[in-house]
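Subject: Structure handover

Hello,

Here is the structure I promised to pass on. Please open it and keep it beside this email as you read.

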Amino acid sequence: MAYAGSTVHIGCAFSIIEILAVLYRQYLRYPENNPLGQARDYLVLSKGHGVMAQYACMREMGWLPEEAFTQYFSDGSDLKGLSDSRVPGLEVTSGSLGHGFSVGVGLALGAQLRNTDQKTYVIVGDGEINEGPIWEGALFAAHHQLKNFMVIVDENGYQAMGKTNDILDLGSIQAKFESFGFEAITVDGHDEDAFSEAIKQLQISSSSAPKAIIAKTIKGKGVSFMEHDNVWHYTRLSEDAYQKALQEVAGESK
Amino acid sequence: MREAFSDTLLALAKADPNVLLLTGDHGYALFDAFRRECPKQYINAGIAEQNMVGMAAGLARSGFKPIVYGLAAFIPVRVLEQIKLDVAHDQLPVIFIGDGAGFVYSHLGTSHQSTEDIACTRAIPNLSVYSPADAHELTTCMKSAYQSNSAVYIRMGKSDRNSVHSSPIAPTIGDLLVIKQSRNSTLAFIATGSLSSTALALANTQYPNASVWSAPFIKPINTKQVIEICKQHQKIVTFEEHSVLGGLGSTIAEISSEHNPSQIFRIGIEDRFSTHCGSYNYLLKEHGLDEGAIVQKIDRFVTQK
């Protein structure tokens with residue numbers, strides 16, 4: 001897909017693959033497999049630039065045809081380089097950072113007002129939480145005890161121009177969310193079992209606090225020459241790089 | 001007008017439990033009745049407008065009908081991107097109320113004065129822009145916005161100006177409302193918000209050959225009606241307590257230039273911030289929007305060829 005579309009943001013998608021796989025396979029409930037069903041759980045990709053990872057999951061769900069991938073970024077096509085809510089399965093139009101978190105808080109508040117048990121999962125980037133509205137929303141979610149709201153921070157340690165620690169040091173993200181009134185766990189975001197267990201632990205908690213999982217991830221995970229190299233926030237795939245990356249990813253899944 | 005706002009809001013909320021009022025910690029006494037009678041539909045989102053609008057989008061997505069209240073300097077201008085991306089892009093039914101538009105907060109300075117909000121919101125697709133002049137227009141704007149089931153910005157300016165309508169009205173969305181019809185009029189006044197009463201007063205006292213329309217709907221606006229007004233008058237003057245760039249005057253001039261080029265003079269705020277503080281009337285004067293200054297401008301315009 002990234003190769004077909006000659007697109008950027010590859011590393012940003014690779015860091016959340018396992019997170020999305022666990023959510024789609026084990027947690028997200030879509031009655032009758034309908035991405036627009038009223039009783040669905042909500043998955044909000046606030047870091048919209050990771051959307052290719054979500055497209056892959058939506059393909060597995062049967063919501064996107066193969067052509068959407070081979071024709072990615074072709075003239076007149078629907079799947080954009082950032083999350084667009086007009087595509088069924090994508091809840092928000094993100095890309096401008098710090099939006100999806102608040103929309104997710106609203107979705108969770110709506111579920112609470114209607115007294116449903118719908119869950120809202122919001123994926124944000126660690127760089128993204130530089131944005132102020134994230135913390136406005138965190139205050140609100142905690143004050144209103146939105147226990148079915150869960151934020152997953154993709155802590156890959158990088159943002160567009162470099163390491164998060166060098167640009168605006170975030171310190172302990174877990175401690176920050178805890179101090180805002182969240183129940184939080186830090187976990188390896190590429191260990192599917194550990195990540196799934198973290199979600200489970202938070203969901204069986206008797207606390208009425210909103211939940212946060214800080215997922216330690218690797219930007220570009222799964223392809224050795226992309227891992228920890230921020231150039232893959234922006235670089236397009238050459239044919240050579242594409243073939244090498246495919247081999248590595250295929251080798252890993254054997 | 002504020003009482004009409006409070007009453008209409010309460011009536012909408014009572015009739016539809018999906019109506020939620022969100023405020024960014026503003027509107028102290030305005031919501032007393034609402035909080036008393038519909039406490040579960042009242043959400044004070046704190047001094048956090050960006051999050052409030054994002055949440056309103058989430059609530060609207062899950063079937064609620066949020067009404068987001070703030071001062072016009074903040075709602076819509078501070079949160080313009082949230083309105084664009086989170087709400088308007090998805091055609092969600094969220095009503096934005098921008099209170100105190102124009103120079104209402106005349107003593108507080110630029111942070112609380114809102115003279116660019118119409119220009120900002122007009123350019124956002126799927127977003128309607130209403131600008132009521134009195135209690136009757138406000139009531140119909142609120143009801144129309146609710147019934148439209150779409151995103152609407154309602155601009156509330158100076159609320160204690162004289163009424164321009166003597167009884168309740170029920171216009172079609174987009175219509176300009178004639179508030180003074182002169183026989184064989186050669187001059188058309190088209191005004192919105194607080195300056196509708198000024199336009200009407202001036203027409204009654206100084207310009208017997210002027211007909212006056214109040215425009216509670218800036219977008220959408222009844223284009224055919226505007227063209228008709230342009231055809232029937234030699235000169236047109238627009239009035240608004242908003243920048244002359246991008247507001248009602250621009251709207252009328254855009255339509256006219258495309259369909260029936262007319263001589264149009266835009267009365268509004270020139271491209272500058274307030275310099276001093278003082279009473280509301282003082283600020284109008286500072287910006288040349290007091291009746292004396294307006295008359296001078298109109299007289300110059302009317303006599304020029």
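Below is what I found, going from the contact between the chains to single elements.

One caution before you start: this is a predicted model.

**Where the chains meet**

Begin with the contact between chain A and chain B. On the chain A side, 19 residues take part, and they touch 20 residues of chain B. Two helices of chain A, α6 (100–113) and α7 (132–143), each give at least two residues to this side. The largest share belongs to α6(A), with nine residues. By type, the chain A side has eight nonpolar residues, ten polar ones and one charged one.

Now look at one helix pair across this contact. Two packed helices are described by the angle between their axes and the distance between the axes. Here α7(A) packs against helix α3 (residues 49–61) of chain B at about 70°, and the axes are 8 Å apart. Angles from 65 to 115 degrees count as roughly perpendicular, so α7(A) and α3(B) are roughly perpendicular to each other.

Which residues meet there? From α7(A) come G132(A), P133(A), E136(A), G137(A) and F140(A). From α3(B) come Q50(B), N51(B) and G54(B). This contact of α7(A) with α3(B) holds two nonpolar, five polar and one charged residue.

**Two domains in chain B**

Chain B splits into domain 1 (2–155) and domain 2 (177–303). Their C-alpha centres are 26 Å apart. The two domains of chain B also touch: 22 residues of domain 1 are in contact with 27 residues of domain 2. On the domain 1 side, the elements that give two or more residues are α5 (117–122), β5 (127–130) and α6 (135–148) of chain B. That side divides into nine nonpolar, nine polar and four charged residues.

**The sheet in chain B**

Next, find the open sheet of seven strands in chain B. The order is β2-β1-β3-β4-β6-β5-β10, with mixed pairing. Which strands are at the edges? They are β2 (42–44) and β10 (217–219) of chain B, and each pairs on one side only. On average, neighbouring strands of this sheet are turned by 20° against each other, direction ignored.

Zoom in on one pair. Strand β1 (residues 19–23) of chain B runs parallel to strand β3 (residues 65–71) of chain B, and five bridges join them. For L20(B), the bridge partner in β3(B) is P66(B).

A helix also lies across part of the sheet. α6(B) lies across β4 (95–99), β5 and β6 (151–155) of chain B. It runs at about 170° to β6(B).

**A buried helix and a buried residue**

Move on to helix α7 (residues 195–205) of chain B. Eight of its eleven residues are buried, so this helix is largely enclosed by the rest of the structure. The buried residues of α7(B) include L195(B), T198(B), L200(B) and L202(B). What covers them? Among the covering elements are β7 (177–180), β8 (187–191), β9 (210–214), β11 (235–243) and α11 (291–303) of chain B.

Last, go to A212(A), in strand β7 (residues 211–216) of chain A. Is A212(A) buried or exposed? The cut-off for buried is 20 or more other C-beta atoms within 10 Å. A212(A) has 26 C-beta neighbours inside 10 Å, so it counts as buried. Leaving out residues up to four places away in sequence, A212(A) touches V151(A), V153(A), F177(A), F182(A) and A184(A). Take V153(A): it is 59 residues from A212(A) along the chain, yet their C-alpha atoms are separated by 7.5 Å.

Best wishes

How values were computed. Residues are numbered from 1 along each chain as its sequence is written. Chains are lettered from A and ligands numbered from 1 in the order in which they are written. This is a predicted model: local features need pLDDT of at least 70, side-chain atom pairs count only at pLDDT 80 or more; totals for chains, interfaces and linings use all residues. Two residues are in contact if their C-beta atoms, placed from the backbone, lie within 7 Å. Helices (H or I, at least four residues) and strands (E, at least two) are DSSP runs, numbered from the N terminus. Ala, Val, Leu, Ile, Met, Phe, Trp, Tyr, Cys and Pro count as nonpolar, Asp, Glu, Lys and Arg as charged, and the others, Gly among them, as polar. Domain bounds come from an automatic or database domain assignment. Two strands pair if DSSP finds at least two bridges between them. Axes are lines fitted to C-alpha atoms, for helices over the stretch in contact, and angles run from 0 to 180 degrees between N-to-C directions. Angles under 35 degrees count as roughly parallel, over 145 as roughly antiparallel, 65 to 115 as roughly perpendicular and the rest as oblique. A residue is buried if 20 or more other C-beta atoms lie within 10 Å of its own, exposed if 12 or fewer, and partly exposed in between; C-beta atoms are placed from the backbone.
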